[in-house]
Amino acid sequence: MDRNTRARITSLYDTRLQRGYVKGKLASDPVYAATAALLAGTQLPLLDIGCGLGLLGHFLHAQGHRQPYVGLDHDVRKINAAQRAVHRAGLDAVMSLRHGDATAFPTLHGHVTLLDVLHYLPREQQQALLLMATRQLAPQGILIIRNVLREPNWRFQATRLEEFFLRTSGWIRGGVQHYPSADELRGTLESAGLDVHIESLRGRTPFNSYLIVAQPHR
Ligand SMILES: C[S@@+](CC[C@H](N)C(=O)[O-])C[C@H]1O[C@@H](n2cnc3c(N)ncnc32)[C@H](O)[C@@H]1O
């Protein structure tokens, strides 16, 4: 994403804290570009569970994607900020933001994203959510997950430290409940009939982040 587009999206947000976060995320996190590449050329609607400030929707639109985007988050402050940003951008017709829990989402037959959200749910809820998300997929739909995975390495410890600060600063309500392992995610998704691909996706961050792409057998 070029500097001007990044600055335009950043300016849509109310507070200095939000603008700093948005600018940093768009500049350094490869997850939005990776998601845009996977969704290229499709018009299927996208359900973004745990959408935060709705950055993925803005990124996709800036890259020329025009599929309907529905973002859901249980943090009302983030949803309010996201709604104002959508309105300022004049994207009310394509981007819709809803306040609610990850496990109570609107029915939508298309793609589903879960970017850096799963670990905020307890293990059993993660599995239930993955199965619910699977049922939202269209035959050509893709479930795109980005998450830190539980592994015995320093990157995992760095992630735990970052999450401690995110929780104590109030940016993330509740904090981490359970870090899934690759085997846990793969097992749940494969048993639901999906093909699963897992690869490292951490960009310039020190965190133990992975991209998990799951699709119905074709
Ligand atoms: C690290 S942020 C990621 C935001 C966004 N997916 C992104 O990548 O730009 C995690 C988001 O998940 C949301 N979240 C955590 N638990 C949730 C739940 N049970 N239901 C809905 N949203 C949740 C948080 O409020 C937060 O906005």
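**Exercises on sheet, helices and ligand shell**

Strand β6 (residues 194-200) runs antiparallel to β7, and the two pair over seven bridges. Strands here are DSSP runs (E, at least two residues) and helices are DSSP runs too (H or I, at least four), numbered from the N terminus. Two strands pair if DSSP finds at least two bridges between them. Before you start, note that this is a predicted model: local features need pLDDT of at least 70, side-chain atom pairs count only at pLDDT 80 or more, and totals for chains, interfaces and linings use all residues. Residues are numbered from 1 along each chain as its sequence is written.

**Exercise 1. Work out the strand order of the open sheet and find its edges.**

Step 1. Start from the pair above and locate D195, whose bridge partner in β7 is Q215.

Step 2. Move to the other neighbour: strand β5 (residues 143-148) pairs with β7 (residues 209-216) in the antiparallel sense over six bridges. Here I145 stands opposite I212 of β7.

Step 3. Now look at β1 (residues 46-49) and β2 (residues 69-73), which pair in the parallel sense over four bridges. I49 has L72 in β2 as its bridge partner.

**Exercise 2. Describe how α1 and α2 pack.**

Step 1. Two packed helices are described by the angle between their axes and the distance between the axes. Axes are lines fitted to C-alpha atoms, for helices over the stretch in contact, and angles run from 0 to 180 degrees between N-to-C directions.

Step 2. The axes of α1 (residues 3-10) and α2 (residues 16-28) come within 9 Å and cross at roughly 150°. That makes the two helices roughly antiparallel (angles over 145 degrees).

Step 3. List the contact residues (C-beta atoms, placed from the backbone, within 7 Å). They are R6, I9 and T10 of α1, with R19, V22, K23, L26 and A27 of α2.

Step 4. Sort these residues by class: four are nonpolar, one is polar and three are charged. Ala, Val, Leu, Ile, Met, Phe, Trp, Tyr, Cys and Pro count as nonpolar, Asp, Glu, Lys and Arg as charged, and the others, Gly among them, as polar.

**Exercise 3. Which residues lie closest to the ligand, and which classes make up its shell?**

Step 1. Count a residue as near if its C-beta atom, placed from the backbone, lies within 6 Å of the molecule.

Step 2. This gives 18 residues around the ligand, the closest being G50, G52, H74, A102 and L115.

Step 3. Sorted by class, the shell has nine nonpolar, three polar and six charged residues.

Key: Parallel < 35°, antiparallel > 145°, perpendicular 65-115°, else oblique. Contact = placed C-beta atoms within 7 Å.
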